[in-house]
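Biologist: I have a model open and would like to learn how to read it, feature by feature. Could you walk me through it?
Modeller: Gladly; let us look at it together.

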Amino acid sequence: MASRGAGRPRPGVLSGLSHVALAVWALLIILPLLWTFLASFKSNTEIFGDPLQLPGALRLDAWGRAWDKAHVGQYMFNTVIVVFFGTAGTMLFGSMAAYVLARYKFLGGKLIYYYFVAGLAFPIFLALGPLFFVVKQFGLLDSHIGLIIVYIAYSLPFTIFFLAAFFRTLPEAVAEAALIDGASHTRTFFQIMVPMAKPGLVSITIFNVLGQWNQYLLPLALMGGAPDKWPLTLGIARISTRAGYEADWPGLFAALSMTILPVMVVYIIFQRQIQSGLSSGALK
């Protein structure tokens, strides 16, 4: 009689090494984040003393200084506005373009698709100079609207590349049945195809939120003259510069913690949806 585990593959050396590598990578990510969070409750003396020492007391004054004095609240509000409308515009235009390029055959369709995909290979810093003058010519420099439009254009290549592959996996019979029943192409897309593509849409939405939330070069080039409209990335850079002169390192780490926590919460909440969307697009 065969044993129960006879048919199971035994873990090899490579599997064990991969687990060790993942554990080391996790520690390299988690420990700096944990240290940053704990440092926001320390004093300057404790921060520059024993790095592994826990805070002597639960000090929340650094968080208050970061929120009010360092204007983290204003920076976060600006970031939420820009990322919300930037992600919404990216998903609206990106999903519609990806659907058309994936499901309809027309002259120049592949050329347009490859044109978008080529944007993935173009480093953004090479376009900062021309982009600055184009935005300035339209009168959108130092404005949230200009930054939102640039965020949308910057995020479209990856969005279209990912969603076009996902839309190709959806069954054509459903769309054809909707058209036979009298549904327009627009209604078919929004009421039938979009719900079917929900796993992929959720995944790419989270990626766009994370990418736009952490963007630094584009705001630096397009928003440098309007400090009151800066997003968090520019605000944190400004706080880090001032921290060296004011010796308010707990305030700096509190500001960093405020920046990191929303991203971590979003990723933790939607972790299953992200994995489901990626695996669905790969398996279908």
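Modeller: Let us begin with a pair of helices: the crossing of H4 and H7 is right-handed. Keep in mind throughout that this is a predicted model.

Biologist: At what angle do H4 and H7 pack, and how far apart are their axes?
Modeller: Helix H4 covers residues 72–103, and its angle with H7 is about 35°. The two axes lie 6 Å apart. Sorted by class, the residues in the contact of H4 with H7 are 19 nonpolar, nine polar and two charged.

Biologist: Thanks! Stepping back, how many helices and strands does the protein chain have?
Modeller: There are 14 helices and zero strands in the protein chain.

Biologist: Now to charges. What should I look for in a salt bridge?
Modeller: The general idea is that side chains of opposite charge can pair when their charged atoms come close. Here the count comes to one salt bridge, taking a nitrogen-to-oxygen cut-off of 4 Å. The partners are Arg 65 and Asp 61, with N to O at 3.0 Å.

Biologist: Where do Arg 65 and Asp 61 lie?
Modeller: Both belong to helix H3, residues 61–68, and they sit four residues apart, which is about one turn of the helix.

Biologist: Are Arg 65 and Asp 61 buried or partly exposed?
Modeller: Arg 65 counts as partly exposed because its relative accessibility is 27%, and Asp 61 is partly exposed too, with a relative accessible area of 45%.

Biologist: One last feature: how do I read backbone phi?
Modeller: Most residues other than glycine have a negative phi. Asp 142 is not a glycine, yet it has a positive phi of about 60°.

Biologist: Where is Asp 142 found?
Modeller: Look in the loop between helix H6 (128–137) and helix H7 (144–168). Asp 142 counts as partly exposed because its relative accessibility is 24%.

Conventions
Residues numbered from 1 in each chain as written. Predicted model: local features only at pLDDT ≥ 70, side-chain atom pairs only at ≥ 80, totals over all residues. Heavy atoms only, no water. Helix = DSSP H or I, 4+ residues; strand = E, 2+ residues; numbered from the N terminus. Buried < 20%, exposed > 50% of the residue type's maximum accessible area, 1.4 Å probe, protein only. Axes fitted to C-alpha atoms, helices over the stretch in contact; angles between N-to-C directions. Left-handed = near helix turned anticlockwise from the far one by under 90°. Nonpolar A, V, L, I, M, F, W, Y, C, P; charged D, E, K, R; others polar. Salt bridge = Lys/Arg side-chain N within 4 Å of Asp/Glu carboxyl O.
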